[in-house]
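Reader: I would like to learn how to read aromatic contacts in a structure. Could you take me through an example?

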Amino acid sequence: FPSHDTMLVQPGYYDITIQQGASYSQSFQFKDANNAPLNMTGYVVAAEVWEAEKRAKYADFTVAWVNQAQGSFQISLNMGQTHGIPETGYYDILVTNPDGTSDYWLRGQAILETGYTE
């Protein structure tokens with residue numbers, strides 16, 4: 001996933017698929033240009049999914065660090081949240097640095113697959 005360059009962060013692009021009406025989770029790990037895990041101690045990660053024109057937010061992901069010193073975290077949505085997503089949208093991951101500045105590190109399409117069993 002994206003490398004963090006102290007001068008500029010160009011967001012990586014990664015599409016995800018969300019099953020409507022089912023729990024969703026995805027694990028990520030941030031690494032540097034040499035593919036070594038980034039120590040993300042002191043960083044805060046947030047993620048949301050929106051409709052294409054960003055007029056309506058569909059959901060806020062729950063973000064949990066798996067191993068912050070290794071840059072490993074998970075985003076998730078519960079069944080109620082995914083049930084409320086009406087169509088394919090877009091998501092991004094915003095990282096807030098310990099100094100208070102923020103950058104988008106990852107973004108992509110949040111592809112909705114309709115579930116049928118309730």
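This is a predicted model: local features need pLDDT of at least 70, side-chain atom pairs count only at pLDDT 80 or more; totals for chains, interfaces and linings use all residues.

Reader: How are the rings of Phe28 and Phe73 arranged?

Author: For this, look at the distance between ring centres and the angle between planes; planes under 30 degrees apart count as stacked. Here the centres are 5.5 Å apart and the planes are at 25 degrees, so Phe28 and Phe73 are stacked. The pair also links distant parts of the chain, 45 residues apart: Phe28 belongs to strand E3 and Phe73 to strand E7.

Reader: Which arrangement do Phe30 and Trp105 show?

Author: An angle over 60 degrees counts as edge-to-face. Phe30 and Trp105 are edge-to-face, with 75 degrees between the planes and 4.5 Å from centre to centre. Phe30 sits in the loop between E3 and strand E4, and Trp105 in strand E9, so this pair ties together parts 75 residues apart in sequence. Both Phe30 and Trp105 are buried.

Reader: How many aromatic pairs are there, and which residues form the cluster?

Author: The count is eight aromatic pairs. One aromatic cluster is formed by Tyr14, Phe28, Phe30, Tyr43, Trp65, Phe73 and Trp105.

Reader: Which residue lies over the face of Trp50?

Author: That is Lys54, at 5.1 Å from the ring centre.

Reader: What is the mean pLDDT of the protein chain?

Author: The mean is 91, with 92% of residues at 70 or more. Over residues 1-7, though, the pLDDT is below 50.

Definitions and conventions. Residues are numbered from 1 along each chain as its sequence is written. Side-chain values use heavy atoms; hydrogens and water are left out. pLDDT is the predictor's confidence in each residue, from 0 to 100. Contact means heavy atoms within 4.5 Å. Rings of Phe, Tyr and Trp (its six-membered ring) pair if their centres lie within 6.5 Å; planes under 30 degrees apart count as stacked, over 60 as edge-to-face and the rest as tilted. Helices (H or I, at least four residues) and strands (E, at least two) are DSSP runs, numbered from the N terminus. Buried means under 20% relative accessible area, exposed over 50%, partly exposed in between (1.4 Å probe, protein chains only). A charge sits over a ring if NZ of Lys or CZ of Arg is within 6 Å of the ring centre and within 35 degrees of the ring normal.
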